[in-house]
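Keep the coordinates open as you read.

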Amino acid sequence: MPVVGYVPGAYDMFHIGHLNILRRARQECDHLIAGVVTDEVLMRVKGRPPIIPHHERLEIVAGMRCVDEAVTDISSDKVVMWQRLGFDVLFKGDDWKGTPKGDRLEADLGAVGVRVVYFPYTVHTSSTALRQLITESRR
C-alpha cells in the first residue's frame with residue numbers, strides 16, 4: 001500500500017531548510033503532499049504576517065519536483081488536515097521534537113494512526129533569521 005506523506009509549513013522566503021525537509025520527506029513516502037499554511041493561520045500562530053503572500057508560496061512549493069501535490073493548509077490542528085487528506089506520516093523539523101507542541105502533535109496524530117517523523121532543522125537558515133536580517137538591514 002502506498003505511503004502518503006505530509007509536510008506542513010509556512011514556506012515563507014523559501015530557503016535551503018525548506019528544500020531539505022521536502023527532499024528528505026520525498027525519500028520516505030510514495031506520494032508527498034506539502035501543506036502551505038494560510039496567511040491567517042500564520043498571523044494566529046506567529047503573530048505576524050508572512051513576507052510572501054499565500055498564493056505565491058503555494059505556487060513556489062507546487063513547482064518543486066519533489067512535491068507531488070501542494071495544498072492550502074487551513075489549520076494549525078493537523079488532525080483537521082489529516083481528515084481532509086488521509087496521510088500516513090507527517091514530517092517536521094526536529095526543533096519540534098520533545099517540545100509541548102511536538103508532544104501534542106504526536107499524541108493527536110498517533111490517535112488516528114499517523115506517524116510523526118522528524119528531520120534535522122536547518123539551524124543556520126530559517127525564515128525567522130532571514131526576516132531578522134532584512135529588518136536589521138533596513139535600520
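Contact here means heavy atoms within 4.5 Å. The model is a predicted one.

With that cut-off, take Asp-73, a residue of strand β3. Leaving out residues up to four places away in sequence, Asp-73 touches Tyr-6, Pro-8, Gly-35, Val-36, Val-37, Thr-38, Val-41, Lys-78 and Met-81. Is Asp-73 buried or exposed? Asp-73 counts as buried because its relative accessibility is 0%, and buried means under 20%. Its side chain has a polar partner: a contact of 2.6 Å joins it to the side chain of Tyr-6.

Tyr-6 leads on to the sheet. Tyr-6 stands opposite Leu-90 in β4. The strands β1 and β4 run parallel and are joined by 2 bridges. The whole sheet is open and has 5 strands, in the order β3-β2-β1-β4-β5, with parallel pairing. Which strands stand at the edges? They are β3 and β5; each has a single partner strand, so one side of each lacks a neighbour in the sheet. From one strand to the next, the twist averages 30°. Strands of a sheet pair through backbone hydrogen bonds. Helix α3, residues 54-62, lies across β2 and β3. The helix runs at about 165° to β2.

Beyond β3 comes a loop. Ser-75 sits in it, between β3 (69-73) and α4 (78-85). Ser-75 is buried because its relative accessible area is 14%, under the 20% limit. Not counting residues up to four places away in sequence, Ser-75 touches Val-41 and Val-80. Val-41 is also among the contacts of Asp-73.

Next is α4 itself. Asp-77 caps its N-terminal end, with a side-chain oxygen 3.0 Å from the backbone nitrogen of Val-79. Which residues of α4 are buried? They are Lys-78, Val-79 and Met-81. These residues lie on the same side of α4 because they cover an arc of only 155° around the axis. An α-helix has 3.6 residues a turn, so residues three or four places apart point the same way. The buried residues of α4 pack against β1 (4-9), β2, β3, β4 and α5 (100-110). Two of them, Lys-78 and Met-81, are in the contact list of Asp-73. Just after α4, Gly-86 takes a positive phi of about 65°.

Now turn to the nonpolar cores. The largest has 18 residues. Within it, the residues with the most contacts are Val-7, Tyr-11, Leu-22, Leu-32, Val-67 and Phe-91. Two or more residues come from each of α1, β2 (31-37), β4 (89-93) and β5 (115-119). Helix α1 gives the most, with 4 residues. A second, separate core has 13 residues, including Ile-33, Val-71, Val-79 and Val-116. Val-79 is also one of the buried residues of α4.

Setting aside neighbours within four places in sequence, Val-67 is in contact with Leu-22, Leu-32, Ala-34 and Val-61.

Finish in helix α1 (residues 16-27), where Ala-25 is found. Ala-25 counts as buried because its relative accessibility is 0%, under the 20% limit. Beyond its neighbours within four places in sequence, Ala-25 is in contact with Val-7, Leu-32, Phe-91 and Phe-119. How many residues separate Ala-25 and Lys-92 in sequence? The two are 67 residues apart in sequence, and 9.1 Å apart in space, C-alpha to C-alpha.

Methods. Residues are numbered from 1 along each chain as its sequence is written. This is a predicted model: local features need pLDDT of at least 70, side-chain atom pairs count only at pLDDT 80 or more; totals for chains, interfaces and linings use all residues. Side-chain values use heavy atoms; hydrogens and water are left out. Buried means under 20% relative accessible area, exposed over 50%, partly exposed in between (1.4 Å probe, protein chains only). A nonpolar core is a set of buried Ala, Val, Leu, Ile, Met, Phe, Trp, Tyr and Cys residues joined through side-chain atoms within 4.5 Å. A polar contact is a pair of N or O atoms within 3.5 Å; within protein, one must be able to donate a hydrogen and the other to accept it, and residues adjacent in sequence count only if both atoms are side-chain atoms. The arc is that of the directions from the helix axis to the C-beta atoms. Two strands pair if DSSP finds at least two bridges between them. Axes are lines fitted to C-alpha atoms, for helices over the stretch in contact, and angles run from 0 to 180 degrees between N-to-C directions.
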